[in-house]
Amino acid sequence: MMISFRTVSRTRLGVFSHIHIFKTYATAASPPPSPDFSNNDNNVDHHKRLDLHPWPNKKNPSPYEIFNIETNQAERPSDELKRELKKTYVKYVKIYHPDTSQVLLDDKGNELTTEQKRNRYDQIQNAYDILKNPTRNAAYYRYSTTNWDQQGFYDRSKDNSHPFNKNNFEAYRRGHAHRTKYNFENDEAFWQAGSWEDYYQMKYGRRPPTREEIEKNKYKILMGVIAVGVLGFGIQVMLAIDKSNEYYAQMRLSNLKSMKDLDDSRNNHGFGPTQLQRLTRFLASRRTSRLVKHEEDDEFIAQQIRDLKEQDDELLVQYARKQVSKWD
């Protein structure tokens, strides 16, 4: 490699300056640095490398298990929880983000597939979205700590207020916490709402009707229910009629087929109605049924047909002689 330089001095607007000009000539390109694949070693535990707890040994871990948070710690101040969540989330992203190519092992030492790593990343993202949101976090905490054993007997007579009040809603929620219908994944609004009115607003996107509105429109609602019932009954009747017509058409086709078979039998299937013609058809039918297809060549099959035909012809001759002897 050759390097040369020169200095040029000039004065511009009373300022004296030096300009250094360098020339370099490279004889060969420098080799690029070798990539560092140390993090892709199969023996590297990336959770330990980033001081991260092991992945939960469950098929569908909860957000608290994914971020290693105790249930009783979920009610800490939101700022403190958010800092810890973000710190753990960043570590997770370094390991499980789809753009990375880390070699990860499960608890049995088997390498995780791309689909398994993507599934874990989706679970991490969903858990982080729930826990970093105070509203969703509170709803999930309520979902994870509520069970129907907490309710016990609910005495409505002690509650003289509106039947659809907050206490009634809380009792209903505790009593139905075990139902799959109200899982957090299936109905998150059920755990965010504080009353029946809130739940109705979240579920249907509009405020619930008041008692005055229900009383005012109850006859319209009744007529609508009756109209829907009549319409449903009419549809059922029409379907029943269609099924009956279909069954009747099938019966007609079956009867026509039976009549055709009877006519064919009466006409001896085209062989003629006489006794000799019926005997001829019987022998031909028996010959066909006795002729079993084997893997022999065509000449053998043709010879077998000829032999059977000679035997049938001999029977017909005997039958004809017997009939002629009756005339004598």
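**View 1. Val230 in helix H9 of the predicted model.** In this predicted model, Val230 lies in helix H9, which covers residues 211–266. With a relative accessible area of 55%, Val230 is exposed, because the cut-off for that class is over 50%. Together with Tyr219, Leu222, Met223 and Ile226, Val230 makes a nonpolar surface patch of about 550 Å².

**View 2. The largest nonpolar core and the elements that supply it.** This core holds 33 residues, among which Phe67, Tyr92, Tyr96 and Ile124 touch the most other members. Two or more residues are given to the core by each of helix H2 (63–66), helix H3 (78–96), H4, helix H5 (134–145) and helix H7 (189–192). In soluble globular proteins, nonpolar side chains tend to be buried together.

**View 3. The surroundings of Tyr92.** When neighbours within four places in sequence are left aside, Tyr92 is in contact with His47, Leu52, His53, Trp55, Ile66, Phe67, His97 and Ile124.

**View 4. Helix H4 and its buried residues.** Helix H4 runs over residues 114–131, and its 18 residues reach 26 Å from the first C-alpha to the last, which is close to the 26 Å expected at 1.5 Å a residue. The buried residues of H4 are Lys117, Arg120, Tyr121, Gln123, Ile124, Ala127, Tyr128, Ile130 and Leu131.

**View 5. Tyr319 in helix H11.** Tyr319 is placed in helix H11 (residues 298–327) and counts as buried, because its relative accessibility of 18% falls under the 20% cut-off. Not counting residues up to four places away in sequence, Tyr319 touches Gln275, Leu276 and Leu279. Although Leu276 and Tyr319 are 43 residues apart along the chain, their C-alpha atoms are separated by 8.4 Å.

Notes
Residues are numbered from 1 along each chain as its sequence is written. This is a predicted model: local features need pLDDT of at least 70, side-chain atom pairs count only at pLDDT 80 or more; totals for chains, interfaces and linings use all residues. Side-chain values use heavy atoms; hydrogens and water are left out. Patches are made of residues with over 30% relative accessible area and no salt bridge: like charges are joined within 9 Å, nonpolar side chains (Val, Leu, Ile, Met, Phe, Trp, Tyr) within 5 Å. Accessible areas come from the Shrake-Rupley method with a 1.4 Å probe; for residues, only the protein chains shown count as cover. A salt bridge is a side-chain nitrogen of Lys or Arg within 4 Å of a carboxyl oxygen of Asp or Glu. Helices (H or I, at least four residues) and strands (E, at least two) are DSSP runs, numbered from the N terminus. Buried means under 20% relative accessible area, exposed over 50%, partly exposed in between (1.4 Å probe, protein chains only). The expected span of a helix is 1.5 Å times one less than its number of residues. Contact means heavy atoms within 4.5 Å. A nonpolar core is a set of buried Ala, Val, Leu, Ile, Met, Phe, Trp, Tyr and Cys residues joined through side-chain atoms within 4.5 Å.
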